[in-house]
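Please walk me through the charged side-chain pairs in this protein. Where do they sit, and what do they connect?

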Amino acid sequence: GAKSPRNGLPCPRQVPSSTFHRPKVTVHTAVAAQSAEKAELTSQAMTITKLNISPSTLGGYVNISRQNLDWSSPGVLDIVINDLAAQYAILTESTAVQAMYTGGTAAAVGIDATPTGDEVAAAFWGAAGELYTAMKGQGRIIAACSPDVLGIVGPLFAPVNPQNAQSTGFDAGNFGQGAMGAVGGIPVYVTAGFGTTKRLMIFSTAADEVYEDRLGSLQVVEPSVLGLQVAYAGYFANLITEATGIRKVTVA
C-alpha cells in the first residue's frame, strides 16, 4: 500500500468480502454516580448502526515480449513489477487521503498565506483541541499536508531545536522518509496524494480505517505472440468512522 501518510495510520485491515458492514456505536451506554446506597444505577440502551463498505478493485497490466525478457539487463520483468507496485501505492495513498479530506470537518482556526510560527501553532493546537472533544482521547493525532503547504509551514520552524520553540523543526532532507517534522508535538506527513492544492488535515488515527487485500503481481504467458502479460492489483477501501475526528485546516 501507500507509504506516507499511511505509515502514520494503523495497518490496513483485511477485506472480508465484496461488500460488508462495519458496526459503529452511535449511542453509548451511560455511567453515573449512584444516588444512594442500593439505589438503582443508571442505564441507557446502546445503539449500534452499520457502516457499509464496498472496496474498489485497483490495478493495471503490461504486455512484455519474450525478447525483452531474455535480452534485457537488468531484467525488465522486475522493473515492470516494481513500477506497477509503486503506481498502486501512489493510487491507494491518493484514494485514502482525498476521501478523508472530503469527508472531514472544517477546523475553526485556519492559516494565512504568510503566517507566523505562532499562527501555525495556534491552528495545530486548535485542531488538536477539537479532536479531543470529538474522539475523547482515542487514537493518535497526526497531520497530513500537500507539498505546497510544506513550503509555507516548513521554513517557519528551523531544525535548530531551541528550547522555547513550538516545533523541533522541519528538515527538507527527510524527503521520502515519512514525517517531515512536528508542530506542537503533532507529526506532519507530506503526501503527493493531495497534489498541490494547499490542503492540510489534522486527525485522529481512530477516525479512519483502511481495508486492503493486495493481490500483488499476476502473470500469464502468451505463447502465440511469445509474450508475457503482467498485472498488479488489489482490493481497497477507505472508511471514515468519525468525521469530526478529521479536521481540515484552511490554508489561504
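The paragraphs below take the salt bridges in turn.

This is a predicted model: local features need pLDDT of at least 70, side-chain atom pairs count only at pLDDT 80 or more, and totals for chains, interfaces and linings use all residues. Residues are numbered from 1 along each chain as its sequence is written, and side-chain values use heavy atoms, without hydrogens and water.

Side chains of opposite charge can pair when their charged atoms come close. The structure has six salt bridges (a side-chain nitrogen of Lys or Arg within 4 Å of a carboxyl oxygen of Asp or Glu).

Start with glutamate 242 and lysine 24. Their side chains form a salt bridge at 3.7 Å, N to O. Glutamate 242 lies in the loop between β10 (227–240) and β11 (246–248), and lysine 24 in strand β1 (residues 20–27), so the pair ties together parts 218 residues apart in sequence. Helices (H or I, at least four residues) and strands (E, at least two) are DSSP runs, numbered from the N terminus. Glutamate 242 is partly exposed, at 24% relative accessibility. Here buried means under 20% relative accessible area, exposed over 50%, and partly exposed in between (1.4 Å probe, protein chains only).

Next come glutamate 130 and arginine 247, which meet in a salt bridge at 3.7 Å, N to O. This pair also links distant parts of the chain: helix α3 (residues 117–135) holds glutamate 130, strand β11 holds arginine 247, and the two are 117 residues apart. Glutamate 130 is buried at 17%. Arginine 247 is buried at 12%.

Arginine 214 pairs with glutamate 212 at 3.8 Å, N to O. Arginine 214 is partly exposed at 41%, whereas glutamate 212 is buried at 10%.

Finally, salt bridges join Arg13, Arg22 and Glu209 in a network.
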